[in-house]
Amino acid sequence: MPRTVRRDALLPDARRTVETYERNHDTRFTHLLRFEPQVLESLHAPGELPDSVRVASDQHPGVVERMAVVTAVANLPEQQAAHRRRYLRALLDIYGMLPVRVADAASVPGAVVVAPEREGRILAELLGVLPRHQGWTPQAKRMPAAGGLLVGVDHRLPARSDRLVVVDGVVASGVTLMAVMHLTARPGAAVDVFTCHATAEGALALARYAERREVSLTLHVGHLSGVLDERFYSVDPEDRATLLLGDIGDTISPVAPGT
């Protein structure tokens, strides 16, 4: 399981990494969580997906068609505005094909929406769940650290909640969402995570984390495919140079209205 670490307890290289990420994203991480290599290995181990992972593409072939658009744009050597708009439209279409609407989950009394910057916040705004519902948009960034990962999260988090609705674009390693749940979900909380894509490793990691934390998790995902590379990105297992989604925030932020 992840553990909270103090900034002054970090080794110099890790501290410099954290400070670099803070400068690049114009933030300060008030929470730092470490995922040791053996923890990641355990969370990402092969296994059978539980019923709590609900994959829209199993019933809706249109999701796979949209994912093909996303992958094609992610691997272009140069992205024009028209490409970015097609990419964003495909993501929003995938959300529309999920069997449960994000807005319905967010409308449940007591639900708190958490939509990490940038893609989570942008998608939540365009899907109409921010600022209509109580919501929070933390920076939550994963950083390499001695073979494992650090996740830095800023102060924009709710108090601990019994019902969370998490909006994001992709679950690759799953560590940023696990960090968010670690900081915000009470034991026994009901958590609905909505995302366009996940790797099997990331989906399994979220399910295992939730079970160990005694959190009732449902993962609503458009499509499940790919593997994690050494940078913890989602890539094509047949050609690991091919990104499945790339950096969603970088891709959609220039063409997302109101951001």
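Which strand does Val 221 lie in? Select Val 221: strand 11, residues 216–224, holds this residue. Helices (H or I, at least four residues) and strands (E, at least two) are DSSP runs, numbered from the N terminus.

Before going on, note that this is a predicted model, in which local features need pLDDT of at least 70 and side-chain atom pairs count only at pLDDT 80 or more, while totals for chains, interfaces and linings use all residues. Residues are numbered from 1 along each chain as its sequence is written, and side-chain values use heavy atoms, with hydrogens and water left out.

**Stop 1: Val 221**

Stay on Val 221. Its relative accessible area is 0%, so Val 221 is buried. Buried means under 20% relative accessible area, exposed over 50%, and partly exposed in between (1.4 Å probe, protein chains only). Now show its contacts (heavy atoms within 4.5 Å). Leaving out residues up to four places away in sequence, Val 221 touches Val 53, Arg 54, Val 55, Ala 56, Leu 98, Thr 195, Cys 196, His 197 and Ala 198. For a distance check, pick Pro 158: it is 63 residues from Val 221 along the chain, and their C-alpha atoms are separated by 24 Å.

**Stop 2: the whole chain**

Zoom out. The protein chain has 9 helices and 14 strands. Its C-alpha trace spans about 45 × 45 × 40 Å along the principal axes. Of the 259 residues, 56% are buried. Among contacts between residues at least 6 apart in sequence, 76% join residues at least 24 apart.

**Stop 3: helix 7 and the cores**

Next, colour the largest nonpolar core, which has 41 residues. Such a core is a set of buried Ala, Val, Leu, Ile, Met, Phe, Trp, Tyr and Cys residues joined through side-chain atoms within 4.5 Å. Phe 35, Met 178, Val 191 and Leu 206 touch the most other members. Helix 7 gives the most to this core, with 7 residues. Centre on Leu 206. Beyond four places in sequence, Leu 206 touches Val 171, Gly 174, Leu 177, Met 178, Met 181, Leu 217 and Leu 219. A second, separate core has 38 residues, including Ala 56, Ala 90, Leu 123 and Val 165.

**Stop 4**

Move to residues 119–126. Helix 6 is largely enclosed by the rest of the structure, because 6 of its 8 residues are buried. They are Glu 119, Gly 120, Arg 121, Ile 122, Leu 123 and Ala 124. Their cover includes helix 4 (81–97), strand 8 (161–167) and helix 9 (248–252).

Arg 118 sits in the loop between strand 4 (112–114) and helix 6. A cis peptide bond joins Glu 117 and Arg 118, with omega about -5°. Just after helix 6, Gly 128 has a positive phi of about 85°.

**Stop 5: two loops**

Most residues other than glycine have a negative phi, and most peptide bonds are trans. Select Asp 26, in the loop between helix 1 (12–25) and strand 2 (31–35). Its phi is near 50°. Asp 26 is exposed, at 72% relative accessibility.

Finish at Ala 146, in the loop between strand 6 (140–145) and strand 7 (148–153). Phi of Ala 146 is also positive, near 50°. With a relative accessible area of 76%, Ala 146 is exposed.
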